[in-house]
Amino acid sequence: MSTADASARGASTGVFVAAIATGLGALPLLVGFGETTLPTGALYGAGWPAFGVAGALLLDRGTELRVGRTLAALALVPAVMVAIALPTAGDPIWPRIEEIWRSADLVVVLLTLVLLAWAMGYAPGRAPRRRLFWLLVWSAAVFGSVVVADSVLSTRAEALVITLGMWSLAGLVARLTIAIELRPVDEPLIDVVAVALTLAIGAAVGVGVRLAGTRAGIPAPDLAAAFAAVTATALAWPAAAWWRRSWHARRYGTGTLTPVDVAAITADLHHLTDPRELLAKAAEMVAVSSGHRQVTLVLGADSPDLPTGWVDHPLLVGGDRVGTLLLDPDDPEGPEPRQAHLVEQLLPTVALVCRAVGLAVEADHARQDVARERDAERARILGDLHDGLGPVLAGMSMRVQAELRRTPTPLLESLAPELAEARGDLRRIVSGLTPSALHDADLTGALERLVATFDGDGRQVELEIAVDHALDREVAVAVYRFVAEGITNALRHGRANHVEVRVSTTEAGQVAVDVRDDGIGGPIAPGVGLTSLRLRAEHLGGSLAVASANGGGVLLHAELPAKGAA
Amino acid sequence: MTRVLLVDDHPIVLSGLSALVESDNGLELVAAARTAAEARDIAAEPDVAVIDLDLPDGDGIELGGTLKRTWPDLRVVVLTMHADDQAVIRSIGAGLDGYLLKDSDPEDLLAAIHTAARGALVLGRGASDAVVAAAASAPRTDALAALDARDLEILELLVQGLPTSQVAARLFLAPKTVRNRVSEMLSKLGVASRDEAIALGQAGGLGRT
């Protein structure tokens with residue numbers, strides 16, 4: 001029922017009837033104002049017309065018609081009481097009306113409460129249940145007050161209590177019927193308890209000081225007690241407020257995401273191997289801030305299976321669904337409204353986190369694909385090289401050797417060792433360039449085999465390995481290539497006879513590689529091999545240095561972090 | 001005089017070997033064949049046969065066995081480019097007399113033929129272990145080459161025995177997304193069921209870490 005309809009239609013019949021009922025119900029009160037003092041009989045019924053106003057409000061909205069009509073009917077109660085009194089009334093009529101009210105007040109109030117409860121009705125679901133509960137709690141409070149007033153207070157005071165009770169009920173019923181979201185009944189109770197506790201502490205301190213002061217005979221003990229009470233109250237309030245806040249935080253979560261929280265989420269971003277672990281952290285923060293038992297984040301446009309009792313929110317960035325936020329609320333009937341509001345506020349941020357993580361995962365996959373393709377390509381090229389060039393070199397070596405055995409010439413004599421070297425080079429290229437040389441991550445074995453291919457022919461290569469913790473595969477491959485390149489350089493360009501290789505790990509988590517030779521030394525032109533190794537070392541967060549060794553020769557030194565940067 | 005039969009499909013290797021054998025006074029080349037069929041047709045009995053492991057029309061080890069049945073006194077040495085452990089074990093297991101690496105020093109090859117003729121076992125230097133490792137790891141990607149990193153990530157978890165729901169949870173995906181990707185993966189691999197895909201993944205070396 002829209003406002004436009006209501007205004008076009010003018011006041012509905014329902015509102016009109018409610019207005020008349022209110023007027024009739026208020027009539028005794030209005031007449032009572034004509035007296036010099038307001039008669040108690042008129043005051044008794046002063047509360048009920050308020051129901052008529054609330055009824056008109058509801059009937060105008062066009063919802064909850066039963067509640068509206070009941071409220072309008074309740075407005076007539078004072079008129080009905082007057083009508084009952086009139087036949088037996090003398091002149092003036094007020095004492096008789098007061099008498100009727102006094103004898104029937106509890107019954108009338110009770111009937112009113114029962115009627116209201118009936119009108120409100122019960123329906124399954126959290127909101128109707130809370131509505132009825134609120135009404136019953138407040139009704140009980142009102143009825144209790146009236147009963148107490150009936151036995152303790154004067155008639156007039158009791159009439160005032162009834163009037164105030166009915167007004168508050170009218171307001172409450174209107175509020176409960178119109179409200180969409182209702183807080184749990186115990187939530188304001190906590191506020192009341194917090195205030196009551198604070199006041200009780202203040203009062204207790206005040207009374208204690210008063211008693212002690214009187215006994216000690218200090219002047220003006222009342223003033224000291226009042227001062228102590230006020231001070232104790234002021235001091236106790238922060239504690240009560242803290243207790244109330246922590247109670248709320250337990251039920252609804254911390255309520256906000258502070259920069260510190262966000263920093264905590266993103267702190268180990270650089271150390272995470274899988275960017276998706278960030279999602280678990282973001283989900284945890286949402287759970288903490290919004291008070292959910294468990295929160296899960298899921299990537300992708302597909303709707304995940306929703307466990308019973310869970311709530312889901314699609315995450316949108318630029319109109320595209322990047323993921324889903326799944327929440328497990330404490331309450332099986334779903335999160336409290338304030339939790340839902342908080343989650344809605346967090347959704348855009350969480351969506352951006354999801355998007356960022358999704359992109360990081362895609363980038364990671366793309367990187368892996370490229371690396372895999374590169375490895376496969378390399379293995380293929382090396383396989384072709386080995387299977388294509390290998391037999392040719394082998395066959396040529398055999399022919400040259402055969403020829404050399406029959407008719408040795410200087411040409412053949414120089415050709416034979418050159419071919420042998422070419423075969424060795426090919427083997428080393430194939431075994432050195434492929435990371436698969438470190439098949440089982442056995443760096444020591446791979447290095448020993450590598451060194452064995454150089455050893456011999458009067459050349460001596462010594463290998464010393466002191467690696468006491470595991471190296472990343474990427475680092476191990478770099479070490480392997482560094483050693484291969486270092487020995488090749490020493491033997492080929494440095495014309496060394498003796499090469500010492502030392503691979504060791506340091507306490508700082510570095511792995512150091514030293515290749516020292518006894519060759520001709522001198523300035524070293526960085527070849528393609530060394531340059532690419534230097535780049536590789538730098539990429540891994542390490543360094544490579546070339547220096548002249550003591551007593552001639554060259555010292556190559558490289559240091560790499562034992563754990564790769566990736 | 002040791003009579004030698006050479007079988008290799010690579011012309012340069014075959015001519016090199018032939019020249020090498022002919023250059024040795026103690027050896028006599030009875031025939032040089034390029035295929036298994038040619039080798040089986042040879043009538044003259046050799047003392048030592050040097051046979052390439054991979055022949056265009058068959059397996060060198062099988063051919064060696066066949067020739068040994070024809071001439072029980074024949075010594076057979078398998079010639080290979082790779083120091084492949086499997087091939088070595090197979091050749092010894094088939095009752096052959098050893099293996100030689102093609103890129104060994106030519107003098108070592110001749111010495112090995114003499115050794116075989118004397119009846120001793122010939123084991124070529126396994127200088128290219130690393131090459132074997134490279135070759136052994138190369139086909140790893142072949143069966144799974146059609147998959148990208150996103151698929152492999154899922155297959156890896158499936159091989160580890162996780163059900164779809166747990167795979168989804170591990171990867172922060174909806175189970176539906178995982179099911180869709182698995183069915184895409186099945187068509188990429190050309191298999192009908194998840195179990196087949198898992199078997200392929202296992203064969204491809206997934207799920208070992």
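**Ground rules.** I count residues from 1 along each chain as its sequence is written, and chains are lettered from A in the order in which they are written. In this predicted model, local features need pLDDT of at least 70 and side-chain atom pairs count only at pLDDT 80 or more, while totals for chains, interfaces and linings use all residues.

**Chain A overall.** I found 18 helices and eight strands in chain A. Helices (H or I, at least four residues) and strands (E, at least two) are DSSP runs, numbered from the N terminus. Of its 566 residues, 34% count as buried, with 20 or more other C-beta atoms within 10 Å of their own. I also looked up contacts between residues at least 6 apart in sequence: 67% of those in chain A join residues at least 24 apart. Contact means C-beta atoms, placed from the backbone, within 7 Å.

**Helix 4 and helix 9.** I took residues 49-61 and 155-178 of chain A next. The two helices pack at an angle of about 10°, axes 8 Å apart. Angles run from 0 to 180 degrees between N-to-C directions, with axes fitted to C-alpha atoms over the stretch in contact. The angle makes helix 4 of chain A roughly parallel to helix 9 of chain A, a label for angles under 35 degrees. Helix 4 of chain A brings residues including F51(A) and L57(A), and helix 9 of chain A brings W167(A) and T177(A), among others. I see 11 nonpolar residues in this contact, one polar and no charged. Here Ala, Val, Leu, Ile, Met, Phe, Trp, Tyr, Cys and Pro are nonpolar, Asp, Glu, Lys and Arg charged, and the others, Gly among them, polar.

**The sheet.** Five strands of chain A form an open, mixed sheet in the order 4-5-6-8-7. Strand 4 (460-466) and strand 7 (543-548) of chain A are the edges. Pairing takes at least two DSSP bridges. Strand 5 and strand 6 of chain A run antiparallel, joined by seven bridges. V503(A) has V513(A) as its bridge partner. Helix 17 (residues 473-492) of chain A packs on the sheet, touching strand 4, strand 5, strand 6 and strand 8 of chain A.

**Chain A against chain B.** How many residues does each chain give to the contact? Chain A gives 47 and chain B gives 39. Helix 14 of chain A supplies the largest share of its side, 24 residues. The side of chain A has 19 nonpolar, 16 polar and 12 charged residues.

Note on methods
Angles under 35 degrees count as roughly parallel, over 145 as roughly antiparallel, 65 to 115 as roughly perpendicular and the rest as oblique. Two residues are in contact if their C-beta atoms, placed from the backbone, lie within 7 Å. A residue is buried if 20 or more other C-beta atoms lie within 10 Å of its own, exposed if 12 or fewer, and partly exposed in between; C-beta atoms are placed from the backbone.
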